[in-house]
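Biologist: Before I use any labels for this model, I would like to hear what each one rests on. Please go through them one at a time.

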Amino acid sequence: MSNNNLDYNNSMPLQSDALSVDDTYMLRCIQIAKNGLGTTAPNPMVGAVIVHNGKIIGEGFTSAYGGSHAEVNAINSVSDVSLLKSSTIYVTLEPCSHYGKTPPCADLIVKMGIPKVVIGLKDPHEKVAGNGIKKLEAAGCVVKVGVLQKECEEHHKRFLTFFTKKRPYIILKWAETADGFIAPKSVKRGEEKKPYWITNTKSRQLVHKWRSEEAGILVGTNTVLADNPQLNLRDWAGKAPARIVLDRSLKITSDYHVLDGKQRTIVCTEITDCKNDVAGIIYKVLDFKVDLPQQLCTLMFEEQIQSVIIEGGSQTLQSYIDANLWDEARIFKVANNFTEGIAAPKVVGRTQQQVQILTDQLTIVRND
């Protein structure tokens, strides 16, 4: 990402060696697949490219959930379908072999007579798990698996984490001052409950873009009571994530934004009495004294939330770090100093990337 470019992509760098023909087309699959980011879940965001005699004749990516898969869209984009019988289709993920909201893509590939299929990686979903490959091979297709596998794994990191670890892909996000604080002492804040911004407007817009790409966003009680955040999309177009709000004692009243009913919201509490429930809000009872991060992961898995941004506060973020339940951290560092206040979380991992966004430095840390 250049200094002012909001098209930041958190994928690992693609291999620098000269690409083979298959690698080149698979790279194109990954590129177009990103068009589905934030819209396809719980389906994976797959990309597909159809090649005939060294020329791309069709492309497609997974439609928003409930719509056509990438292979279907790629096949439908081909103007001369007679060419399919002598073409190769490239896909980032094994074609599905089961009926869901749409028919199996493996069946369509066989029906259209496409003789060769090149796949980035096998699908870990129990309903696929190699069955798509078997179906294609049984029909006489030549199948090649593992092209740009690492890059496809990175691209499908949310989907893979969800089905292999039975939890969402977890992104920690915070901003901290040069002296390591995420918020000032309360005396420095005004009486109005609103976020105390320390990052610049470009960084804040980037955060809204990130929200549009993930299925959920999680915050603790203190963050809501102090900041009254909306946790929606105001500076970016897209689908707002589901809000997961920790409220052990149901301290958050209906006049706070997170209970406005404008987007899917799950409140996690220990209170079983429903007299303080707000209409339109989902309430889940958890035991806050026992391994709360893991309980939340299990809850989000059950609720089909494949990825989540944890935005605060410091205690909530640190609990996930201490439990080693995180995949990446996105940390903004600003030049200001607070001298005292709420200390930022402490995380150790592999620094994947550092970029400058006007006056802010963004560091991406991976938990490999």
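Modeller: The model is a predicted one. Start with aspartate 291, which has a relative accessibility of 46% and counts as partly exposed.

Biologist: Why is aspartate 291 called partly exposed?

Modeller: Buried requires under 20% and exposed requires over 50%. Aspartate 291 has 46%, so the label is partly exposed. The residue sits in the loop between β11 (282–285) and α9.

Biologist: What makes the phi of aspartate 291 worth a remark?

Modeller: Its phi is near 45°, a positive value in a residue other than glycine. Most residues other than glycine have a negative phi. Leucine 148 is in the loop between β5 and α5 (149–155). At 5% relative accessibility, leucine 148 counts as buried, because the cut-off is under 20%.

Biologist: Which residue with a positive phi follows α9?

Modeller: Glutamine 304, with phi near 60°.

Biologist: How do you know that the buried residues of α9 line one face of the helix?

Modeller: The buried residues of α9 (292–302) are Leu292, Pro293, Leu296, Cys297, Leu299 and Met300. Viewed down the axis of α9, they fall within an arc of 165°, so they line one face. An α-helix has 3.6 residues a turn, so residues three or four places apart point the same way.

Biologist: Which peptide bonds are called cis, and on what omega?

Modeller: One joins alanine 41 and proline 42, with omega about 10°. Proline 42 is in the loop between α1 and β1. Another runs from glycine 312 to glycine 313, with omega near 0°. Glycine 313 belongs to the loop between β12 (307–312) and α10 (314–322). Most peptide bonds are trans.

Biologist: What makes tyrosine 25 and tyrosine 90 an aromatic pair, and why is the pair called tilted?

Modeller: Their ring centres are 5.2 Å apart, and the pairing limit is within 6.5 Å, so they pair. The planes make 45°, while stacked needs under 30 and edge-to-face over 60, so the pair is tilted. Tyrosine 25 is in helix α1 and tyrosine 90 in strand β3, 65 residues apart. Tyrosine 25 has a relative accessible area of 13% and is buried; tyrosine 90, with 4%, is buried too.

Biologist: Why is glutamate 213 called buried?

Modeller: Its relative accessibility is 12%, and the cut-off is under 20%, so it counts as buried. Glutamate 213 lies in helix α7 (residues 201–213). Leaving out residues up to four places away in sequence, glutamate 213 touches Leu37, Gly38, Arg158 and Ser307.

Biologist: What makes β2 and β5 edge strands?

Modeller: β2 (55–61) and β5 (142–145) each pair on one side only. The sheet is open, with five strands in the order β2-β1-β3-β4-β5 and mixed pairing. Within it, β3 and β4 run parallel and are joined by five bridges. α4 packs on the sheet, touching β4 and β5, and its direction makes about 150° with that of β5.

Biologist: Which residues touch the most other members of the largest nonpolar core?

Modeller: Met26, Val49, Ile50, Ile89, Tyr90, Val117 and Leu136, in a core of 39 residues. Elements giving two or more residues to this core include α1 (21–33), β1 (47–52), β3 (88–93) and β4 (116–121). The largest share, six residues, is from α1. Apart from this core lies another, of 30 residues, among them Cys297, Leu299, Met300 and Ile310. In soluble globular proteins, nonpolar side chains tend to be buried together.

How values were computed:
Residues are numbered from 1 along each chain as its sequence is written. This is a predicted model: local features need pLDDT of at least 70, side-chain atom pairs count only at pLDDT 80 or more; totals for chains, interfaces and linings use all residues. Side-chain values use heavy atoms; hydrogens and water are left out. Buried means under 20% relative accessible area, exposed over 50%, partly exposed in between (1.4 Å probe, protein chains only). Helices (H or I, at least four residues) and strands (E, at least two) are DSSP runs, numbered from the N terminus. The arc is that of the directions from the helix axis to the C-beta atoms. A nonpolar core is a set of buried Ala, Val, Leu, Ile, Met, Phe, Trp, Tyr and Cys residues joined through side-chain atoms within 4.5 Å. Two strands pair if DSSP finds at least two bridges between them. Contact means heavy atoms within 4.5 Å. Axes are lines fitted to C-alpha atoms, for helices over the stretch in contact, and angles run from 0 to 180 degrees between N-to-C directions. Rings of Phe, Tyr and Trp (its six-membered ring) pair if their centres lie within 6.5 Å; planes under 30 degrees apart count as stacked, over 60 as edge-to-face and the rest as tilted.
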